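Good morning. I will take a few minutes to walk through one structure, starting with the overall fold and then moving to some aromatic side chains.

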Amino acid sequence: MSFGIFNTIAAIFIENTLAAARVNTVMQKRQRLLDRSVFSQKAAELVQFVWGVHKVRAQAKREDSPEARMHLLNSLEPMTEEDLLDAANLQITPVFFDYLLGFREFKTILEELDISE
């Protein structure tokens, strides 16, 4: 009988510990996002990645294989002033967004910005 009570108490303790850890992780993520410099850096990284993929994809064949994606990632270049102006008019269609979701790097940036897919 006392063994069952001990198991119940241990389960409650573990459940509360895990819940506190989840809350702590969420709070840390929110705090990072509130830091303007971190948010600005991640937002800039997102824009540069999206623009780079758009630019290379527009120049190349729209082949969609793992090898083509790897080649595309390796050919991304830093944005120029002209790119920044052009990127302001970029419209991300559902098809292009789905294409971006095929990149682990894109998903990572979204997660770091606490943006759900």
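Before I count anything, a word on terms: helices here are DSSP runs of H or I with at least four residues, strands are runs of E with at least two, and both are numbered from the N terminus. What you see is a predicted model.

With those terms, the protein chain has 6 helices and 0 strands. Going along the sequence, the pattern reads α-α-α-α-α-α.

Now some totals. The protein chain has 117 residues, and 23% of them count as buried. Its accessible surface is about 9,100 Å², with 59% of that belonging to carbon and sulfur atoms. As for contacts, take those in the protein chain with a separation of 6 or more: 75% of them come from residues 24 or more positions apart.

One example of two residues apart in sequence is Asp86 and Trp51. They are 35 residues apart along the chain, and their C-alpha atoms are separated by 9.0 Å. Asp86 sits in helix α4, which covers residues 81-87.

On to the aromatic rings. How many aromatic pairs does a search of the whole structure find? The search finds 4. One of these pairs is Phe97 with Phe106: the ring centres are 5.8 Å apart and the planes stand at 80°, so this pair is edge-to-face. The cut-off behind that label is an angle over 60 degrees.

Phe106, at 3%, counts as buried.

A second pair is Tyr99 with Phe103. Here the ring centres lie 5.5 Å apart and the planes are again at 80°, so this pair is edge-to-face as well. Tyr99 is buried, its relative accessible area being 6%. Phe103 counts as buried too, with a relative accessibility of 2%.

Which residues do the ring pairs link into a cluster? They are Phe49, Phe97, Tyr99, Phe103 and Phe106.

To recap: a predicted model, with 6 helices and 0 strands, and a cluster of linked rings that includes Phe49. That is all I have; I will take questions now.

Key: Residues are numbered from 1 along each chain as its sequence is written. This is a predicted model: local features need pLDDT of at least 70, side-chain atom pairs count only at pLDDT 80 or more; totals for chains, interfaces and linings use all residues. Side-chain values use heavy atoms; hydrogens and water are left out. Rings of Phe, Tyr and Trp (its six-membered ring) pair if their centres lie within 6.5 Å; planes under 30 degrees apart count as stacked, over 60 as edge-to-face and the rest as tilted. Buried means under 20% relative accessible area, exposed over 50%, partly exposed in between (1.4 Å probe, protein chains only). Contact means heavy atoms within 4.5 Å. Accessible areas come from the Shrake-Rupley method with a 1.4 Å probe; for residues, only the protein chains shown count as cover.
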